[in-house]
Amino acid sequence: METFNCRLLDLEISKDFNLLHKKELYIWGAAEKGWQIQKTLMRCGIFIEAFCDSDSHKWGEFYENIPIISPYKFFERYRKNMQICVISCVFREKELLRLFEELKVNNISLVSYWGIKNAFIANHIVLEVQNNWPIYDQIWKYKKRNYLKENFGLSLEILEKLETYNSDVIWNCQPGKVASTTICNRLLEAGIPCLHMHMLDYPSHVLGESLKDIWIKKINGKLSQKIKIITSVREPLSRDYSAFWQPFKMERAYLMSVFNKDFQKMYEDYIDLILNGYENASKLLSETMECVWVDEFEWFNREIKKICGIDVYRYPFDRGKGYGIIQDKNVQIFIFKVEKLEDIIPELSTFLGKKIQSKNSKNKATDTNYWLAYDKFREELKLPLKYVEHYYENNLYVDHFYTKEEQSFFLSKWSKNIKND
C-alpha cells in the first residue's frame, strides 16, 4: 500500500518566495481567507488556476473570473498534472490532508495558511484587506509598542494579585515552555488559586522604573509569609525547539526581523543567543521573549536564587521519581520534570493539599496553526555539535535533574539532527 505523503513548502517559500511563480496554484477554501490570499498573490503577479471548496453550493461559481471547483474536479486536474501546489485557506488542515489521502492525492505540494502568511511577512508583503472582511492576520499589529502594552497589563495584573491573594495562592512560576499553562489549568480546575508568572524579578523593560519599589515590596512581603511555588524543567533540546516557535504561535512574527527568513539560519542565530548566556539574550531581546529565549537552567539562578535566595541546585532531587521538594524558611518549592508530570500527580496533590486530576496535556504543537511546519522543520533541523555539548557535556544543571540513561535516550531522539562542526 502506498504511503500518503505531501510536500510542505512553508519553510521554502519564506526563504524563496519566487517558488510560487513556478507552480500551478490552487487555493483550497473559497471564503474570506482564500480571497484575501488570492488578492495578495495577484498584487505580487502570482495567479491561481482555481479555488477549490467542499461546499457544493459554491461549485461552478466564479470569484473575479476564477472558477470554484469541487474536490472531485480538482482530483481530475491533479491526475493530469501532479506538479500542482495547493495553498490551504481552511480552518482544519488535518481534514484537508485526510481528504487528500482518501482521494489518493499523493506527494502533492502544499502551503498552509500559516505558511503563506509567514512568507508574506518574511518578504515584506502586506496582506490585502477588503471591505469589512474580518482581519485574521493580527501579525501586522504586533509592533514592539503593542507587545509592551499587552505585557504592561499582564504585569499590572500580577501586582494586583500579589495585593489581593492570601497565603493559599500557589505561585506557578516557571521558565517558558515547560508546561506552565498545563499546570495552571490543572490548579484552576481543582479550585486552587494560582499566580501564573515567568518572572519574579522586576520587569523594568515592561513597567519602566516607576513601579519597581512597589513590585519589590509586594514580592518581599509575600516571601515573608508562607508560600508554595511550583516550577519545572524539561529536556533542553525539546524545550528550546518549542521555545523557538513561541513567537509564531503568538503571531509575533515581526520578531523574525531579529533573525533571518532562512529557518535553519534563524535557528542557529537563536542558538547563539542561548550559548552566549542569559544576560546577552536579555540585553538583545529584553522587549520581546526574554523569559523564553534563554537557557532554562539559568532561569533558576536568575529568578529563584536572586529573588527567593534559594539555590535549587544545592538541594537533592529524586531523578528517578522525577520531582523534589525544597523547604527554605517560609518558602516551599515543588520542582519536577515535565516528562514525569503524569507520574508525579499524587505527590503534587499531597504538596498542594488538594487532589489534582491526571490527564493528557492539551497544549500540543499539533494544535497550533504552524504544526505542519513544526513537524517538517523538526525532521530537517541540523543542530551544531557545540550546542548539543552545551547541555550534554558536563552540564551540572542537566546532571542534577536527569540520569545518564535519560540523557542518552533524549540524545538518541535527536541523533539524526546533530551535525559535526
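Visitor: At 1% relative accessibility, does Tyr267 count as buried or exposed?
Guide: This is a predicted model. Buried means under 20% relative accessible area. Tyr267 has 1%, so Tyr267 counts as buried.

Visitor: How many residues has the largest nonpolar core?
Guide: In soluble globular proteins, nonpolar side chains tend to be buried together. Here, Phe74, Phe100, Trp245 and Tyr267 have the most contacts inside the largest core. The number of residues in that core is 82.

Visitor: Another core lies apart from it; of how many residues?
Guide: Look for Ile27, Ala119, Phe120 and Ile125. They are among the members of this other core. Its residue count is 25.

Visitor: How many aromatic pairs does the count come to?
Guide: A pair of aromatic rings is described by the distance of the centres and the angle of the planes. Ring centres must lie within 6.5 Å to pair. By this rule, the number of aromatic pairs is 43.

Visitor: What kind of aromatic pair do Phe244 and Phe377 form?
Guide: Their centres are 6.2 Å apart. The planes make 35 degrees. Stacked needs under 30 degrees and edge-to-face over 60. So the pair of Phe244 and Phe377 is tilted.

Visitor: How many residues apart in sequence are the parts that this pair ties together?
Guide: Phe244 lies in helix H10, residues 236-244. Phe377 lies in helix H16, residues 371-380. So the pair ties together parts whose separation in sequence is 133 residues.

Visitor: What kind of aromatic pair do Tyr267 and Phe377 form?
Guide: The rings are 6.0 Å apart, centre to centre. The planes make 65 degrees. The cut-off for this class is over 60 degrees. The pair is edge-to-face.

Visitor: Which strands stand at the edges of the sheet of seven strands?
Guide: The order is S1-S7-S6-S2-S3-S5-S4, and this sheet is open. Each edge strand has a single partner strand, so one side of each is left without a neighbour in the sheet. The edges are S1 and S4.

Visitor: In the sheet of five strands, which are the edge strands?
Guide: This open sheet has the order S9-S8-S10-S12-S11, with mixed pairing. Each edge strand pairs on one side only. They are S9 and S11.

Visitor: Which helix makes a right-handed β-α-β unit with S8 and S9?
Guide: S8 and S9 run parallel, joined by four bridges. In their unit, the helix covers residues 180-189. It is H7.

Visitor: Which residue in S10 is the bridge partner of Trp171?
Guide: Trp171 belongs to S8, residues 170-173. Three bridges join S8 to S10, and these strands run parallel. In S9, Trp171 has Leu195 as its bridge partner. In S10, the partner is Ile229.

Visitor: Which residue of S8 points the other way from Ile170 and Asn172, together with Cys173?
Guide: In a regular strand the side chains alternate between the two faces of the sheet. In S8, Ile170 and Asn172 point one way. Cys173 points the other way, and so does Trp171.

Technical notes: Residues are numbered from 1 along each chain as its sequence is written. This is a predicted model: local features need pLDDT of at least 70, side-chain atom pairs count only at pLDDT 80 or more; totals for chains, interfaces and linings use all residues. Side-chain values use heavy atoms; hydrogens and water are left out. A nonpolar core is a set of buried Ala, Val, Leu, Ile, Met, Phe, Trp, Tyr and Cys residues joined through side-chain atoms within 4.5 Å. Buried means under 20% relative accessible area, exposed over 50%, partly exposed in between (1.4 Å probe, protein chains only). Helices (H or I, at least four residues) and strands (E, at least two) are DSSP runs, numbered from the N terminus. Two strands pair if DSSP finds at least two bridges between them. A crossover is right-handed if, with the strands pointing away from the viewer, the path from the first strand over the helix to the second runs clockwise.
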